[in-house]
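Here is a protein structure to explore.

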Amino acid sequence: MNLERLSTLVGEENVSTAIEDRIVYGRDASRLEGECQAVVWPSRPEQVAAIVEWARREGVDLVPRGAGTGLCGGAVPQHSVVVDLSRLIYIGPVDLGQRRIRVGAGVALGALNRHLAADGLLLPVIPGSHRAASIGGMIATDAAGLRAVRYGTMRNWVEEVTLVDGLGRIHRLAGDEVNDAAGWEGITGFVTEATMRLIPLPARRTVSLLPFDGEEALLAQRDRWLADPRLTALEYINRHAAEAIGWEARPHLLAEFDSDGGEIADPERIAALWHARDGLYPVLARSGYPVIEDPQMEGEGLATLLAWLEAEGIPAFGHLGVGIMHPCFHPNDERLAALYERVAEWGGRVSGEHGIGLKKKRWTDAAFQAEARRLKEHYDPQQVINRGKLC
């Protein structure tokens, strides 16, 4: 592997084979570990294309990395060179008339929304890792999050995305072509920039927090709130998770509305409730449940999943409005495999928003794997980028 040539492309100071960097970049938030040969930090999109050309000549596998917040090993190298995109932090001028902005893949969502607030605008896809998650990583995983019931997933807000594929070609994907980048976790190429659609910053939000004696009544309330056009978020906390953050040990629903649909209007109280909700996973992780999953179910399958989690005593929370649950497990909990098997039996998907990566590819169905292989053959036939992920 000719690293001298790589250094000439991005500058010697932007390539590292130091052991401390290789250890850090050998893992992401999934707890999986791999082997990192080197790390490279491009700062311009054209450098990414040059890195791909270098990798093709060297026969090296490249792994895209955003903020490293992925939970399924999508950024874990397998004897690979990791390409850290966090320095692609271009933020273009805000197009106030069209409510859109062009940004680099490394821009963090939290920083972008603070920037947009000056113009009264917002990118409304808010995953749990919203303070650190990068735009490129969110597109690659098609992130959903707290307000998916109203705003959908990341692909709904991408007007155009620039993709550097495994042949070093630069694509500007728009319309349905965005689907070739969104949600494929980098196997079709590097997302380097994107034009994002925006919404006006909501002027007022209210929330309601209700405890229930059981999931049947809770799901009935879910259906009533889903019919309310003012609903912007609908979160579930089961009794085990509620107890962990000091709430009454009963299942709860936390609903947010963009006007006066909720019972709580005090901004400080609303902020405190969302702070508690945001802190759920860190609290559960510190309590011995660091393994977080994201099955997505609808209809009877969702009711069956909630009942199974309750019967097994598994703490769980999630975006009930779109059927994405986040059960949390002890490491090496044998019930994890049982969950994956049952999700398929109940008609759901093993991942609603975290992605597949290395962790879940054995649980994907034949149709998903066939589509992944088709896209890989089209965009990266030499298997240069994120080799071995998803399928």
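What follows is a short walk through the strands, a helix and some ring-bearing side chains. Keep in mind as you go that this is a predicted model.

Let's begin with strand S4, which covers residues 78–84. Of its 7 residues, 5 are buried, so the strand is largely enclosed by the rest of the structure. Who are its partners? Strand S2 (residues 35–40) runs parallel to S4 and is joined to it by 5 bridges. If you want a spot to look at, find Cys36, which stands opposite Ser80 in S4. Strand S3 (residues 62–65) also runs parallel to S4, and here 4 bridges do the joining. In that pairing, Val63 stands opposite Val82.

Now move over to an open sheet made of 4 strands. Reading across it, the order is S5-S9-S7-S8, and the pairing is antiparallel. Which strands stand at the edges? They are S5 (100–104) and S8 (170–174); each has a single partner strand, so one side of each is left without a neighbour in the sheet. Neighbouring strands here are turned against each other by 15 degrees on average, if you ignore direction.

Inside this sheet, pick out S7 (residues 158–164) and S9 (residues 190–197). These two run antiparallel and are joined by 6 bridges. Then look for helix H3 (residues 45–58), which lies across S7, S8 and S9 and runs at about 150 degrees to S9.

Next up are the aromatic rings. The model has 6 aromatic pairs. One of them brings together Trp225 and Phe257: the ring centres are 6.1 Å apart and the planes meet at 70 degrees, so the pair counts as edge-to-face, the label for angles over 60. Trp225 belongs to helix H7 (residues 215–226) and Phe257 to strand S13 (residues 252–257), so this pair ties together parts that are 32 residues apart in sequence. Both Trp225 and Phe257 are buried.

Compare that with Tyr340 and Trp363. Their ring centres are 5.1 Å apart and their planes sit at 40 degrees, so this pair is called tilted. This pair, too, links distant parts of the chain: Tyr340 is in helix H12 (residues 335–345), while Trp363, 23 residues away, is in the loop between H12 and helix H13 (366–379). Is Tyr340 buried or exposed? Its relative accessibility is 6%, so Tyr340 counts as buried, the cut-off being under 20%.

One last stop: Arg147 lies over the face of Trp274, at 6.0 Å from the ring centre.

Definitions and conventions. Residues numbered from 1 in each chain as written. Predicted model: local features only at pLDDT ≥ 70, side-chain atom pairs only at ≥ 80, totals over all residues. Heavy atoms only, no water. Phe/Tyr/Trp six-rings, centres within 6.5 Å; stacked < 30°, edge-to-face > 60°. Buried < 20%, exposed > 50% of the residue type's maximum accessible area, 1.4 Å probe, protein only. Lys NZ or Arg CZ within 6 Å of the ring centre and 35° of its normal. Pairing = 2+ DSSP bridges. Axes fitted to C-alpha atoms, helices over the stretch in contact; angles between N-to-C directions. Contact = heavy atoms within 4.5 Å.
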